[in-house]
Amino acid sequence: MLTIQTPEAVMFWFLAPLSVVAALGMLLVKKAVHSALLLAWVMITLAIFYIAQDALFLGIVQIVVYTGAVMMLFLFILMLVGVDASDSLTETIPGLRPIAITAALGFGGLLVSLIGRATLGHSAYGLTAANTDGNVQALAKLLFSTYVWPFEVVSALLITAALGAMVLAHHQRTTERPTQREQAIARFRGASLGSAAGLPNPGVFARHNAVDVPALLPDGSAAPNSISATLKARGDMLDSAQFELGEVDNTVTEEK
Amino acid sequence: MNALTSMMLLPLLGSLLIAVIPNDQVLRIKQAALGTTLLIAISGVMAWFKFDAGNTSLQFVQISQWIPSFGINYAVGVDGLALVLILMSVLLAPIVVLAGWNESEGGRWSVKVFYILILVLETMMIGVFAATDIFLFYVFFEAMLIPVYFLIGGFGSGERAAAAVKFLLYSLFGGLLMLASIIGLYVIAGKHGGHTFDVGQLSELHKFMSPTTQNLLFLGFFIAFAIKAPVWPLHTWLPDAAAAATPGTSVLLLGVLDKVGTFGMIRFCLALFPDASKTFTPIILVLAVISIVYGAFLAIGARDIKRLIAYTSISHFGFITMGIFAMTSQGHSGATLYMFNHGFSTAALFLVAGWMISRRGSSTISDFGGLQRVTPVMAWSFFIAGMSSLALPGLSSFVSEFLVLVGTYTRYPVAAVIATFGIVLAALYILIPVQKALHGPTTPGNENLTDLNLREKIAIAPVIAVIVALGFYPAPLLNVINPASAHVIASQGFTDPVPSESAGK
Amino acid sequence: MEFTAPVLNYAQLAPILIVLGGALIGVLIEAFAPRASRHSSQLFITIASLVAAFAALVRVRNQASVDAAMGSVAFDGAGVLLQGSILIIALLSVFLIADQENFTALAAAVPGSSEERESLQRDLRVTEVYPLTLFAVAGMLLFPLSSDLITLFVALEMLSLPLYLMAGLSRRRRLMSQESALKYFLLGAFSSAFFLFGVAYLYGYSASITFAGIQSSVIGGSGNDVFLLLGIAFISVGLLFKVGAVPFHAWSPDVYQGAPTAVTGFMAAATKVAAFGAILRIYYVAFANAQWQWRPALILIAIVTMVFGSVVAIAQRDVKRMLAYSSIAHAGFLLAGVIALSKSGLDASLFYLFAYGIATVGAFGVVTLVRDSAGEVTDLNRWSGLGKRSPLVASVFAFFLLAFAGIPLTSGFIGKFSIFSAAYESGSTWILISGVLSSAIAAFFYIRVIVLMFFKDPVEDGTSVVIPSALTLTTIVVTSAITLLLGVFPAPLITFIESSAFFIR
Amino acid sequence: MTTSTSLVYLIALPLLGATVLLLAGRRSDKWGHLLATALSASSFGVGLYQLSQMLARPTEERAVTQKLFSWINVGTFNVDAGLLLDQLSICFVLLITGVGTLIHIYSISYMSHDENRRRFFAYLNLFIAAMLLLVLGDSYLNLYVGWEGVGLASYLLIGFWNQKPAYATASKKAFVMNRVGDMGLSFAIMIAFATLGTVSFSGVEEASHTASKAALTAIGIMLLVAATGKSAQFPLQAWLGDAMAGPTPVSALIHAATMVTAGVYLIVRSNFIFDAAPTAQLLVVIVGAITLTFGALVGTAKDDIKKALAASTMSQIGYMILGAGLGPAGYAFAIMHLLTHGFFKAGMFLGAGSVMHGMNDQVDMRRYGALRKFMPITFATFGLGYLAIIGVPPFAGFYSKDAIIETAFNAGGVKGILLGSTALLGAAITAFYMTRVMVLTFTSKQRWEDNQHPHESPLLMWAPMAILAVGSVTTGFLFTRGDALVHWLSPVVGEHAEGENLLLQPIVVSGLALLAVAIGVAIAIMKYQLSEVDAIAPHDVSVFTRIARKDLLQDSFNEAVFMRPGQALTSLLVKGDQNVVDGAVRGIGRTALGAGSVLRKTQTGFARSYAALILIGAIVLIAGIWVVTQ
Amino acid sequence: MNPYNYLYVSGLLFTIGAVGVVVRRNAIVVFMCVELMLNAANLTLVTFSRINGTLDGQVVAFFTMVVAACEVVVGLAIIVTIYRSRRSASIDDASLLKR
């Protein structure tokens with residue numbers, strides 16, 4: 001027979017509202033990163049709940065795997081996608097907001113009121129008996145005997161996931177990586193020897209030496225290939241013309 | 001092999017034969033089609049002679065298991081009713097092929113496709129009348145829509161696609177309702193003595209049904225048949241389909257396919273749901289009478305000759321339906337005979353109309369004029385067909401129409417009286433086009449029409465011969481029909497009304 | 001604490017294991033085989049493992065045990081039939097997938113980028129679809145056999161994840177394809193959450209996660225009905241999502257349209273079999289005795305699903321979307337088999353699933369053939385006149401459509417008949433009536449497509465029918481042959497299903 | 001009853017002719033008319049042979065039957081293709097074949113210039129066959145076949161020159177109005193079968209003894225409707241005038257001598273019904289009386305010689321119907337008038353045809369005049385017919401018409417007086433308009449253009465006219481000598497017990513009748529012989545004349561009451577069919593399509609709204625299950 | 001305290017997660033909401049495991065975590081792919097397929 005000790009109750013009444021509020025916050029904050037952090041917090045509270053409910057193993061796994069790995073994956077992707085990307089919370093699909101609110105209230109209300117009506121035929125048993133040999137051992141026994149088949153099958157799922165991620169993310173090399181020799185040959189057999197010694201650096205001989213300003217060639221014209229292709233692609237290259245010297249001052253003054 | 005089965009296989013073999021003839025040998029294909037249909041017609045006539053008219057039980061019976069789990073059999077057999085209709089179908093088929101010798105050309109697809117469709121359809125036509133297993137019947141009932149659909153849509157004229165769709169949707173809708181009823185029957189049968197689709201066994205089943213169930217199941221069947229037949233107000237597909245289809249297709253459509261509706265009413269509605277039939281008889285009679293008058297009025301108002309014929313058929317199907325539900329032996333035999341006769345008179349009308357249309361290039365009645373002088377044989381053929389359609393005594397349809405009227409009158413005088421007004425309207429709807437198309441001065445555009453050629457004469461001659469011969473001597477058919485009709489009437493628990501003033505009273 | 005080593009019946013698990021093994025080999029091939037030989041070797045491995053799995057299945061077809069995998073898998077007649085169906089459908093789908101014209105050259109390349117162009121030029125292939133397919137198949141094989149909730153959940157995910165991925169691999173209109181993958185994934189995950197929540201409540205209700213345990217709790221009635229209610233409702237959301245029942249259907253039109261057609265075919269056919277297999281098992285075994293709870297709701301969902309699917313399909317302009325809505329309607333029909341909750345309902349469902357799955361693969365196979373220079377053409381308007389361009393392809397497609405519409409002499413008709421009769425037998429009159437009505441509506445759009453193909457003139461916009469590859473051709477020929485065969489001689493399969501279909505408890 | 005095997009030849013011979021001529025087509029152009037005439041004549045021969053046979057048998061065995069085959073046999077509805085030749089039908093047989101043959105002969109010449117003469121003869125033969133079937137059928141249904149058969153033949157012959165739209169319309173009108181009458185016959189047969197269980201004459205007669213009055217009255221009224229249609233009686237008289245569109249021999253044969261009298265035959269044949277149904281009988285006399293006046297009045301205003309004669313026919317048949325409605329006393333007289341009328345009216349029509357032949361098909365009597373000199377034979381034969389019709393003794397009409405008037409007077413009570421007076425008035429008007437015809441055509445001043453060259457018709461034409469004229473002169477006397485016809489027919493129509501207290505003695509009636517005739521003749525002579533007649537019909541005439549010219553507004557009435565509403569109904573139904581019935585169907589289609597278009601908007605493309613849908617679905621599912629389980 | 005209280009919490013979390021899927025537009029956040037739902041389910045499982053005195057619930061929860069991890073991998077891969085194509089992680093932008 002399970003009796004709930006006061007400390008657990010205190011813990012529950014302290015953490016449960018926090019977790020719900022965090023979850024709500026996750027819904028309401030603009031920035032995705034904040035949402036992720038709030039979710040992480042909810043997960044950690046859940047981990048505490050697990051441990052409080054004699055699910056030690058799960059609690060740990062929750063923290064290590066879920067909060068530690070999965071949430072980090074989320075954050076990683078968020079970083080990739082743009083960490084400062086923030087959602088406008090104004091609804092763009094007409095009519096969805098009221099529907100969502102109604103659904104939320106309806107669903108939550110229904111669920112809560114139904115759970116309120118629920119009584120099991122028995123009071124809670126507690127896991128003391130089941131966990132006599134330790135929670136991890138008991139789980140292991142179940143996993144490797146009764147649930148061995150799903151446990152095996154789940155491995156296939158993991159492979160699928162890996163394969164899937166690879167399919168979507170793996171950039172197949174379309175060309176063989178050129179050897180050093182090939183690169184050298186290409187450099188010197190090119191149409192001009194202009195770049196044989198390497199591309200000019202940006203900003204050299206120019207008024208500015210920022211990376212987004214093309215270098216100037218001796219004749220005063222801009223050298224477009226002095227700018228990183230990435231900047232060019234992003235359109236971040238500044239027009240070198242504005243930095244061109246209108247008239248080259250040919251008068252040589254002696255260095256002091 | 002079973003006579004019916006072999007009759008059903010022959011067209012399929014024929015279509016295989018046609019399929020292997022190269023596309024460009026058009027004449028070969030046509031000859032093969034004609035030969036096949038003739039062969040079937042001959043075997044039909046042979047079956048006719050082998051049939052024992054005195055025996056009211058099914059003949060040429062063949063039962064083989066098809067889907068044993070559901071109690072579905074390949075079960076065929078004919079009584080007088082079915083035999084008459086099969087005979088009609090197989091006789092009309094070669095005529096249609098011969099008459100519509102050139103119909104198959106100029107369609108969307110090759111000549112070959114046309115004849116394959118026609119032959120497949122013939123198989124279905126025989127099957128639908130021969131099936132004694134409701135499931136089998138349903139299969140033929142639905143499957144035969146497809147070749148007709150393609151015949152209308154692929155070889156027709158005018159709004160053929162729309163008409164074909166309308167036809168198919170209407171029919172499918174009715175078919176699905178019938179499917180619901182069939183399922184109902186099947187389930188009820190399962191609860192009382194095992195799953196079966198045998199009409200004979202199912203006809204015992206009504207004892208176990210509540211009135212509501214029986215009424216609903218009856219309606220499923222009836223609406224399907226009423227669409228097919230077509231009974232007002234479910235008729236609107238017919239004029240469109242008939243106007244769009246080639247004349248030959250129209251003949252098969254109105255002459256044979258639509259008979260499935262009235263055939264089904266007798267074979268299924270009455271036999272399976274006697275109580276519901278009684279319940280609905282008043283309503284059905286009202287619909288039938290409306291069909292008669294309504295069809296006639298619309299025929300009078302029709303401007304297109306094919307639509308006109310279609311509307312006359314609606315009127316005629318009203319007579320048939322009325323005769324069926326009058327529940328007297330005269331009405332019943334008359335209705336059955338009417339089905340046969342209507343097949344031939346409509347065939348004559350459509351074929352001749354088709355020739356007229358193909359020569360003139362228009363199906364509007366007012367485009368014709370004075371044909372009697374230009375093309376006397378064609379005009380005469382049309383006239384005789386028309387006379388048959390208006391049930392002139394001495395022609396076959398008179399016998400049937402009068403039997404229907406007399407038979408109905410003895411039980412439902414009011415219906416019969418209103419229906420009789422149809423004969424005046426019939427005079428109008430036939431004579432108006434006759435006057436417009438055949439009489440009067442020869443209008444411009446008609447001067448150079450050619451009269452029927454030998455092939456066309458050969459095609460129309462037997463039709464007219466049948467119309468005339470049966471008008472004077474319907475006994476060969478009636479002898480076969482009567483026992484079957486009497487059997488139905490008796491199994492419905494009806495006896496003919498006794499003359500109210502009979503001397504023996 | 002004793003640990004007893006688990007005992008697995010490898011013979012009975014062999015089909016799943018073989019497929020998984022094939023998938024693993026596929027992964028290894030991806031890792032190690034030279035690119036040039038990957039495609040052919042993957043294809044070979046895939047086909048070989050499917051065939052071998054089928055052979056393994058045939059070997060154990062008569063076995064039945066609840067202990068195949070420590071109670072996680074119930075191996076029984078129904079399971080064998082479902083696995084067999086899935087394997088056959090999967091094999092036929094793989095033939096379509098093998099036509100790599102459907103798939104992107106490099107999934108990681110951004111659409112429109114030079115990398116994509118280059119990969120296309122170099123004719124790269126996403127050969128990973130083969131192991132993905134095999135993983136999905138393995139999940140599908142396991143799904144209907146699962147007899148506890150964990151296995152069910154894992155199998156559900158295992159069949160879903162590869163499909164999410166595969167949906168995004170289309171070669172053309174990649175944005176749409178990726179969008180469909182995203183939608184499918186998000187909504188799929190959403191519904192899995194519901195499913196899992198349901199699992200939790202069922203566990204709460206019965207203290208057991210095996211079907212047998214739940215069943216005995218239901219029978220015992222000891223537990224709290226509210227938890228059962230929540231469990232059934234949430235699990236149903238997850239399962240009904242997979243089969244595309246209204247209102248959980250919304251993903252399917254978008255995904256069907258966006259995914260590569262071969263994948264759509266595979267997904268539509270095989271997923272439906274697997275998901276319905278699972279639904280049948282869980283409702284027939286675990287929830288059977290609580291039918292008073294869920295049956296009314298399920299009846300409502302079935303009716304809404306069939307009507308909604310049919311009605312919305314009418315207004316579709318894209319052939320794949322139309323087929324998606326058609327599949328929604330069919331999900332409604334199939335739910336009738338679940339609702340029947342009887343042996344005949346089970347038999348009918350199994351037959352229907354197989355027949356529908358086969359026809360679906362065939363139909364999508366035909367869709368892959370209609371292309372222009374930019375890939376497949378799915379806009380229905382551009383299908384007009386297909387009958388003229390390629391009569392054979394159009395005829396085959398029309399035939400599949402007729403099978404979907406349930407016209408006799410196609411497998412669809414037998415399926416529809418048996419499933420509706422089963423539903424009606426167990427008292428669901430409304431299912432029967434709405435089934436019939438929505439079939440009528442459904443016929444409308446099937447026929448519209450047929451009209452479009454046959455009775456409209458082709459538009460000269462570069463749409464053409466490519467000559468199918470040998471494998472695609474095989475698929476189309478085999479599926480149409482099976483569809484016809486099951487329409488004409490369904491008895492062997494029906495008898496086989498009848499004798500072997502049962503759920504072991 | 002005596003059976004015979006040769007009755008069928010009566011019908012078969014002309015039917016053969018029709019068939020051969022129609023099927024052989026142009027190939028028989030050369031000899032077709034001869035064959036037809038010969039076959040008609042041989043049918044007459046058979047008729048004579050049958051008469052001789054009949055005469056050889058005792059009175060009660062004179063009727064002969066022939067059962068050909070069982071025609072329709074369903075349940076208790078058994079109709080044999082059976083023929084019955086009795087004293088009544090033999091009269092008709094001889095009239096039909098005799099007059100028919102004469103008209104065949106006449107037509108050989110009359111139609112000689114028509115390229116379709118062969119077809120004309122085919123129709124004539126067809127008509128003869130149908131008419132013989134009508135009078136020979138031994139049941140109402142057999143009669144019905146002939147009844148519609150003659151309608152068909154009439155239709156074909158009226159529309160023989162159907163290239164003229166008006167003629168085509170006339171033929172259609174005749175057929176349709178006849179069909180209205182035929183409907184009556186259908187009803188009669190249906191009622192007979194439903195109430196009496198039989199449709200054969202003998203069966204009905206037998207059953208009529210025990211049947212209720214109501215049933216018999218119903219049958220009788222329906223038979224009367226049939227008779228009014230076929231015999232152009234009020235109110236179905238309108239077609240007859242237009243039927244004159246046919247070639248004149250047709251008018252003579254069908255629309256004067258034979259077919260139109262079929263109604264009389266029907267009523268007389270059904271004497272057993274009418275005798276037992278006084279109400280029906282009363283309606284018969286009323287119809288007869290109205291029509292005889294109606295026809296006579298119309299006759300006074302017609303300028304078209306054929307139409308004038310047609311109106312006269314209508315009127316004369318009115319007499320016959322009146323006679324037939326007077327019961328056993330009148331049947332024989334009705335038949336007698338029918339026979340005499342057959343001679344004189346046919347003769348007059350042929351005469352009219354002869355006039356037209358000589359006047360380039362001119363039919364307007366106002367364009368005639370003084371033709372006596374140019375066509376003496378025609379004048380003579382027409383004149384004899386004229387004398388017969390107005391009832392001048394000893395010509396045939398006198399005997400027959402006088403007998404009807406007398407019987408009418410003696411019908412008893414007010415009815416008798418009314419009927420008698422009407423008949424008498426009719427006689428006066430008849431005398432007036434027939435004299436008008438005679439005067440305008442033959443004796444008044446010439447009003448035709450000089451380019452006309454009236455001439456006498458050839459032998460083939462005038463010979464039949466002459467024979468008919470002889471008949472017009474003699475038949476009345478022959479039939480009444482010793483009440484020959486009355487006695488001859490009595491086995492069929494029953495004996496009439498001579499009334500004890502007659503209202504008027506025969507001699508008085510004859511006197512009155514002659515007086516009436518004299519008055520009519522006198523007025524006509526004054527008006528047309530002694531005064532100038534306009535060659536073009538004047539317009540400033542009395543309202544009555546105008547109405548009479550328009551056939552007493554019969555067409556306007558039909559048009560207003562039947563045709564216009566019918567057309568309106570037709571177009572209403574056509575529109576209704578397209579818009580309402582079919583519209584409803586299309587509406588269902590559109591509704592489904594519309595519903596589809598609306599519902600597909602739920603597919604917004606936004607994954608979030610799909611999720612919302614799933615969420616709502618879950619809520620509904622939970623709530624639904626919960627509600628169900630509560 | 002009644003262990004049922006955990007059920008209320010999990011119910012609320014599940015609801016919030018479900019609503020989050022509906023209202024949030026960033027695909028990653030949406031996906032996180034799904035994760036929240038899964039976590040809520042796990043809490044329910046663990047609670048029931050305790051109430052029922054069996055460990056099966058915990059086993060299921062364990063499996064859930066594994067499966068969820070797989071889902072995350074696949075899901076994030078898909079999201080990244082679509083982000084690369086569209087330069088947007090908003091699921092509202094992915095609405096080419098409709099009607």
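1. Domains of chain D. The centres of domain 1 of chain D and domain 2 of chain D, taken over C-alpha atoms, are 70 Å apart. Domain 1 covers 277–540 and domain 2 covers 558–629; these bounds come from an automatic or database domain assignment.

2. What you are looking at. This is a predicted model: local features need pLDDT of at least 70, side-chain atom pairs count only at pLDDT 80 or more, and totals for chains, interfaces and linings use all residues. Residues are numbered from 1 along each chain as its sequence is written, while chains are lettered from A and ligands numbered from 1 in the order in which they are written.

3. Who touches whom. Eight pairs of chains touch, and chains A and E have the most contacts among them (two residues are in contact if their C-beta atoms, placed from the backbone, lie within 7 Å). Chains A and B don't touch, with their nearest C-alpha atoms 37 Å apart. Chains B and E have no contact either, and there the closest C-alpha atoms lie 25 Å apart.

4. Chain A against chain E. Chain A puts 69 residues into this contact and chain E puts in 60 residues. On the chain A side, the elements giving two or more residues are H1 (6–28), H2 (32–52), H3 (56–82), H4 (96–117), H5 (135–144) and H6 (148–169), each of them a helix. H3(A) gives the most, with 11 residues. Helices here are DSSP runs of H or I, at least four residues, and strands are runs of E, at least two, numbered from the N terminus. By class, this side of chain A has 58 nonpolar, eight polar and three charged residues. Nonpolar means Ala, Val, Leu, Ile, Met, Phe, Trp, Tyr, Cys and Pro; charged means Asp, Glu, Lys and Arg; the others, Gly among them, are polar.

5. Chain C against chain B. Here 25 residues of chain C meet 29 residues of chain B. Helices H17 (411–425), H18 (429–455) and H20 (491–500) of chain C each give two or more residues, and H18(C) has the largest share, 11 residues. The chain C side splits into 19 nonpolar, four polar and two charged residues.

6. Chain B on its own. Chain B has 20 helices and two strands, and its C-alpha trace spans about 70 × 60 × 40 Å along the principal axes. Of its 505 residues, 69% are buried (20 or more other C-beta atoms within 10 Å of the residue's own, with C-beta atoms placed from the backbone). Among contacts in chain B between residues at least 6 apart in sequence, 81% join residues at least 24 apart.

Conventions:
Buried ≥ 20, exposed ≤ 12 C-beta atoms within 10 Å, placed from the backbone.
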